[in-house]
Amino acid sequence: MSTSISQFKDASVLIDTIIENASIITMSEARPYAHSVGINHGVIVGIDEELLGVSARNRINAQGATVVPGFNDAHAHSVWFGLTLIEADVSGATTLTDIYDVIAEAAADSEGDGWIIASGLNHHATGGNYPDRDELDRVSQGRPVWIKHSSGHACVLNGVALKLVGAENSAPTVPSGGRVVVDDSGRPTGVLEETAMSLVQQLVLPYPLTVIEDALAKATTQYAREGLTSVTDAGIAGGWIGHSPREFAAYQNAKDARKLLSRMQVMVSIDALDALPGHSDDPAGVGLAAGIRSGAGDEWLQLGPTKIFTDGSLLASTALMTEHYEGASHNHGYLQGDPEALREQALAAHRTGWALALHAIGDGALDFALGILESAREDSSHPTMPNRIEHGGVIRPDQLQRLAATGASVVPQPHFIRLFGDGMIERLGAERAQWSYRARSFLDAGIVLPGSSDRPVAPGAPLAVMQSFVERLTQSGASYGEGEKITAHEALRAYTVGSAVATGWGARKGTVARGMLADLVVLADSPVDVRAERIGQIGVEATIVGGFVSHDRSGLFSAVPGVRGSVAE
């Protein structure tokens, strides 16, 4: 998009805002650094000398602060994250007693006999142990309990809840790609894996739209505090990742009510798409009613790719590996359904204009996903945004060039290394850990590298995730894939340019340049200049989305209107 600056070089014409006396890292190769930027009607109209002779309603002295393009998380779960801010929180538990205490408090603080729902379970933090169903019965005062694992690939029910889902004394039949865990006597322990979680979801879901809208408001308020101006929600409306068949309507309602403080792109789960009838000349396909597909929407709210789960999680040892997990010769993980059915559904969506976002964590799942992407490239259809591999937890060296040839982006989560790296090394072994959650190899192979968190599976503050890109250190301090380190500038590029390109917005987001959307972050220090261990500690002073201020910790922009016409904080 080209924006002429000449129209503003008239004393009688004012643009909205000029930010000056700033240290701007533009992320533009043509002009890497600048000191001033002009904004009008949500768009950048010029930098530095382009602004000579231009007047503005608001002139902001940044007092030397660092300004960078708005951060863009290409894979998070905004509704799920927002709900964790509402539900009982067990994320800080380091013992099973801690979990029981949280559930007991939730039971005491609420009335009635309804469900107690908790989020953030990490059984690795409790010595690899899950809560006991019978003890959960005792502390919940006879109420059903549903505890969601932080990975999203498992949950725990108490005995009362197991009775409600028909799994009190034995494991019922579950959809392909899931498991009800039982003890040596065949009695369900309360742990449900992958698609087996549908047993409880079909009782509790859907959530009311008002609850989802409240979750989005809470999530995007936190995003604004962290400098996030764009986020992709990686799966809504269906599967275990969705919260309501009407989930996109909740997004629209939140947008209309000015509750969204960041731009949102949402992926619709593949199982929420239906077969679409059409003319005999049209390719057979699947999609949403009326043929709505990837790309529908605007710069504030847009439909992204369709989300397709091919396998599970490294944390739960359900990701499909070509070689078995360390110390578990019987376990290679598994696909999330019948391979041929998954493949045909994905290609049918692609033929109908949907970009594909294939969750593939194990290298076995990546082989399967690559076959789909290679077939998709042979189709005559051309979705409006790139296809993607979500996570790419383990990618063998022989898969890199094959992956690059598909043109797909890969969306890894480097902060998993900090949070879960020690456990992943135990499951993968030293060699495969070197191939895990890569970064440098992607850049060297010409594969687009975006920034992402998978929040709330892991914390999502962008600067902390960038630090993990650079350091690649586990919680114990062990180096994880030393050869996959990238520089701080490359990490910043991933969270700006990389995410913009991966989400199909490379022409409008990711750099500070004329014609780009006015999405900016003001930082207390430069992430490319401080020591690596300090990147995550840099303060976010202000966040600007489309020229509106969504966060202003220091009051620097007190004279500028708040986001979408209202004051955010």
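**View 1. The lining of the largest cavity comprises nine nonpolar, five polar and one charged residues.** Ala, Val, Leu, Ile, Met, Phe, Trp, Tyr, Cys and Pro count as nonpolar, Asp, Glu, Lys and Arg as charged, and the others, Gly among them, as polar. The model is predicted: local features need pLDDT of at least 70 and side-chain atom pairs pLDDT 80 or more, whereas totals for chains, interfaces and linings use all residues. Residues are numbered from 1 along each chain as its sequence is written, and side-chain values use heavy atoms, with hydrogens and water left out. The whole structure contains four cavities of 30 Å³ or more (sets of points on a 1 Å grid over the protein atoms alone where a 1.4 Å probe fits but cannot get out; lining residues have an atom within 4 Å of a point). The largest has a volume of about 170 Å³ (the space filled by probe spheres set on the points, which are joined across faces, edges and corners). Its lining has 15 residues, and W80, W146, K148, Q201 and W240 are the closest to the centre. At least two lining residues come from each of β11 (145–149) and β12 (154–157) (helices, H or I of at least four residues, and strands, E of at least two, are DSSP runs numbered from the N terminus). The largest contribution is that of β11, with three residues.

**View 2. The second largest cavity has a volume of about 140 Å³.** Of its 21 lining residues, those closest to the centre are S151, H153, I361, F416 and D454. Two or more residues of this lining are given by β19 (301–309) and by α11 (415–433). Helix α11 has the largest share, three residues. By class, the lining of the second largest cavity holds twelve nonpolar, seven polar and two charged residues.

**View 3. Helices α6 (residues 209–225) and α7 (residues 247–256) cross at roughly 55°.** Their axes come within 9 Å (lines fitted to C-alpha atoms over the stretch in contact, with angles from 0 to 180 degrees between N-to-C directions). On the α6 side, the contact (heavy atoms within 4.5 Å) is made by L209, I212, E213 and L216. On the α7 side, E247, A249, A250, Y251, N253 and A254 take part. Seven nonpolar, one polar and two charged residues form this contact of α6 with α7.

**View 4. Helices α8 (residues 339–351) and α9 (residues 363–378) cross at roughly 35°.** The axes of α8 and α9 come within 10 Å. P339, L342, R343, A346, L347 and H350 of α8 make the contact with F368, G371, I372, S375 and A376 of α9. The contact of α8 with α9 counts seven nonpolar, three polar and one charged residues.

**View 5. The peptide bond from L205 to P206 is cis, as is the bond that joins R455 and P456.** Omega is near 0° for the bond from L205 to P206. P206 sits in the loop between α5 (198–204) and α6. For the bond between R455 and P456, omega is about 10°. P456 belongs to the loop between α12 (440–445) and α13 (462–471).

**View 6. Q63, a residue other than glycine, has a positive phi.** The phi value of Q63 is near 55°. Q63 is located in the loop between β6 (55–61) and β7 (66–69).

Key
On a 1 Å grid over the protein atoms alone, a cavity is a set of points where a 1.4 Å probe fits but cannot get out, and a pocket is an open set with protein on both sides within 12 Å along at least five of seven lines; lining residues have an atom within 4 Å of a point.
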